[in-house]
Amino acid sequence: MDLQELSIKLAAHVHEGMGFESYLLPGEQPVLQIVVEGFNEMPIFVTVTDEQMLCISYLFDVKELKEGVTGQLNETLLKLNVPMPLSSFAIIDDKYSIFGSLSVNSSFEDIAHELVTLADNAVDALETLEEYLA
Amino acid sequence: MSILSKIFTAFKGGAREVGEAIVDANGIRIFEQEIADAQNALQSAKKNLTEVMAKEMQTKRKQSALSESIAEHEGYATQALEKGDEALALEIAEKIAVFENEKVELDEVLATYSNSVAQLKAQVKEAEKTIKENQRQLSMVKTTESVQKATMAVNSTLASNNSSMSSAKASLERIKQRQADRADQLTAAKALENEETGGDLKAKMAAAGIGESKSKGSDILERLKAKKG
């Protein structure tokens, strides 16, 4: 699905009681910034490649970590990856992130479900990982 | 070297500029060329395969026609023998021999076709595997690059929009505050509802054993006993 089309559809959609706000970021690679209603702090950035649609939310910068916890944090994240529904942890540049990837052929319902789940997971993750933050 | 290990090496190097290509344009072209070559190979293998399979079927049809002719002529030969015409029977038997030889020759032809079919099917499989594998590798390159470009776009947006740049701790505080607000609102709403319906007072009275009480079996029994007595 084209990001412009996704943005328009999301504006009129309510999934599990939650609405969406989105706008397209300018740049070489089109990115749609999406805020799930009630999750203003955790915007989701969606970008589309040939095969997949990537939904990414940034959790914290490497610089925000307490000293010497990196190894422990990374191990925790690897362990949490499987139980966490639909999303996985990642490091992009210097930012710990949470993301989900979908097939480009996913239905709009699937995408909406992914976004709501990712926003939930992002907040859960932030709360869970607070002890590692300086 | 697989793309994943190239990406790994690039990340391990660490000195890479953001946005620098993991695999240069030439590398991507090589992948695309390999996919195109494999697609061509796949096309011609499939074309040959259909041709050979058609020939194989024709040959099998010819063979069964021969088998029928053999059976037919065996019948004729038997009839000739029954009529005591040994010479005719021999002539027919010679004809049967020709058919049988032809059938054996076709066996060899058929074996060659079957071999070709197996080979071509293997080629088709191989080409399909190469295409899929190269596409998977290419997809990794393209995804990595898209994410890098997307990250640049996101970073420049975040940088020009201070509110989204706040630390995770600050975000967490705001999230918690909002959750607390929502919980407070819910409690307040519930309290208000209780007040409006008088549920609160009723609950207090019920706890103190005042007000309307539901009739219980034991009460009724007491009443009946009192009446009787």
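## Contacts of Ile44(A)

Beyond its neighbours within four places in sequence, Ile44(A) is in contact with Ile34(A), Val36(A), Cys55(A), Ile56(A), Ser57(A), Leu115(A), Leu118(A) and Ala119(A). Contact is defined by C-beta atoms, placed from the backbone, lying within 7 Å.

This is a predicted model in which local features need pLDDT of at least 70 and side-chain atom pairs count only at pLDDT 80 or more, while totals for chains, interfaces and linings use all residues. Residues are numbered from 1 along each chain as its sequence is written, and chains are lettered from A in the order in which they are written.

A buried residue has 20 or more other C-beta atoms within 10 Å of its own C-beta, placed from the backbone.

## Interface and chain B

Between the chains, 21 residues of chain B are in contact with 25 residues of chain A. On the chain B side, α3 and α4 (168-197) each supply at least two residues, and α3(B) gives the most, with 12 residues.

Chain B has six helices and zero strands, helices being DSSP runs of H or I of at least four residues and strands runs of E of at least two. Of its 229 residues, 8% are buried.

Methods: Contact = placed C-beta atoms within 7 Å. Buried ≥ 20, exposed ≤ 12 C-beta atoms within 10 Å, placed from the backbone.
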